[in-house]
Amino acid sequence: MLKKASGVLAMVIAMSASGMAAAADKVTYQLDWLPGGDKAPVYTGVQQGFFADEGIEVSIASGRGSTDAITKIATGQSDIGSADIGALMAARAQDSVPVSAVYMIFNQGPHAFFSLSDSGINSFSDIAGKKVATSPFTSSNAFLPLVLKANDMPGDAVSLTKSDPGALGPMLVTGNTDAIIAWVTNIALFKQQAASAGKDINVIRWSDAGLSLYSSAVVASDKFLSERPDVAKRFMRAFDKSLRFTNEHPEKAAADLHTMVPEVDAAVATAQIGDSMELVFNDISKADGLGSMTPERIATTWKWVAEANELSADSLDPETIVNRDFMPAAE
């Protein structure tokens, strides 16, 4: 009789577990670019079971820039994702885009000049009069004139050429340009390309030249936040845990990314994670808390964004694009 009861109990538990799995809340996470080391946290959250532990099944969609990601989230194609908060500010200043920032990923801008170590371009001021290549659609282009101005240089201090993102590294290595504009999340990639030609690179961060602002954030559909608030809170708890795990275990996180996206090289992704985490875990996160968005830094970011996009400073109250209700409890 006891054996039979135990069998029934086991069946009930199995059925309950099956029911729980079937009832997992589905969430679509929208990347603002292709998978890479800087996008590893959401992948490691899936592979390490952090989302599953919160009863969430995550689908991940690639993107083609922050504007693309915000559009897909605003139109309901995705629920939540990553995008530059500056792009969201600019969009909200010009239209009623139903998307809000809920968590800061990069509390420091990733923009930088890359040059060969033997080029003589070792500091920001050395860029004057040089040929510089950039991607046509990077947000860095809008900030370039401002950071030049902040360093007492005219907006046309460099000769700018726009090229396909995949061509930037080869152009630099072959000497077809003196420098390129790219994000510090790609240091590992450009170092690898330079090393194949027996060369090395310098990285000149714009954050060291005065461009201090928020950048990549977790942004979500206002509809998702209002209609599924519990799911959003559970998602953010898991994402926060994933981000911390990625920082503490970069090789494991890179392996998780490679498992889900085999074309991403795990070694390169590990290096990219190391470069990216400097934008996440730093003096700002120590002072304000991981993921936090302070009113002061939000306001400073908006000043840069408004000027970069030639928008009136009073065209947006930047606090209206922030929703702090879904921030995980501080550890």
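## Pockets, cavities and salt bridges

At least two residues of the lining of the second largest pocket come from helix H10 (229-248), and at least two from helix H13 (283-288). Helices here are DSSP runs of H or I with at least four residues, strands are runs of E with at least two, and both are numbered from the N terminus. This is a predicted model, in which local features need pLDDT of at least 70 and side-chain atom pairs count only at pLDDT 80 or more, while totals for chains, interfaces and linings use all residues. Residues are numbered from 1 along each chain as its sequence is written, and side-chain values use heavy atoms, with hydrogens and water left out.

Let us stay with that pocket for a moment. A pocket is an open set of points on a 1 Å grid over the protein atoms alone, with protein on both sides within 12 Å along at least five of seven lines; a cavity is a set where a 1.4 Å probe fits but cannot get out, and lining residues have an atom within 4 Å of a point. Volumes are the space filled by probe spheres set on the points, which are joined across faces, edges and corners. By this count the second largest pocket has a volume of about 210 Å³. Its lining has 14 residues, and those nearest the centre are Arg244, Ser285, Gly289, Leu290 and Ala330. Sorted by class, the lining divides into six nonpolar, four polar and four charged residues (nonpolar: Ala, Val, Leu, Ile, Met, Phe, Trp, Tyr, Cys and Pro; charged: Asp, Glu, Lys and Arg; polar: the others, Gly among them).

Now turn to the largest pocket, with a volume of about 1,300 Å³. Here 50 residues form the lining, and Asp32, Trp33, Phe137, Trp183 and Asn186 lie nearest the centre. Several elements give two or more residues to this lining, among them helix H4 (66-74), helix H6 (140-150), helix H7 (165-173), strand E8 (179-183) and helix H12 (266-277).

In H7, the residues Leu168, Gly169, Met171, Leu172 and Val173 are buried (buried is under 20% relative accessible area, exposed over 50%, partly exposed in between, with a 1.4 Å probe and protein chains only). These buried residues of H7 pack against strand E5 (111-116), strand E6 (131-134), E8, helix H8 and strand E9 (201-205), where a contact means heavy atoms within 4.5 Å. Just after H7, Gly175 has a positive phi of about 85 degrees.

What about enclosed space? There are two cavities of 30 Å³ or more in the structure. The largest cavity holds about 120 Å³ of space, and 14 residues line it, with Tyr29, Asp38, Lys39, Ser82 and Ile105 closest to its centre. Helix H2 (40-47) and H10 are the elements that give two or more residues to this lining, and by class it has nine nonpolar, two polar and three charged residues. The second largest cavity has a volume of about 50 Å³. Its lining includes Met104, Ile105, Tyr214, Ser285, Gly289 and Leu290, and H13 provides the largest share, three residues.

Finally, the charged pairs: the whole structure contains twelve salt bridges, each a side-chain nitrogen of Lys or Arg within 4 Å of a carboxyl oxygen of Asp or Glu. Asp38 and Lys39 form one of these, at 3.3 Å from N to O, and both residues are buried. Another joins Lys149 and Glu307, whose closest N and O atoms are 3.7 Å apart. Because Lys149 lies in helix H6 and Glu307 in helix H14 (residues 295-308), this pair ties together parts that are 158 residues apart in sequence. Lys149 counts as exposed, at 55% relative accessibility, whereas Glu307 is partly exposed, at 42%.

An α-helix has 3.6 residues a turn, so residues three or four places apart point the same way. Asp230 is partly exposed, with a relative accessible area of 46%, while Arg234 is buried at 13%. Together with Asp25, Asp230 and Arg234 are linked in a network of salt bridges.
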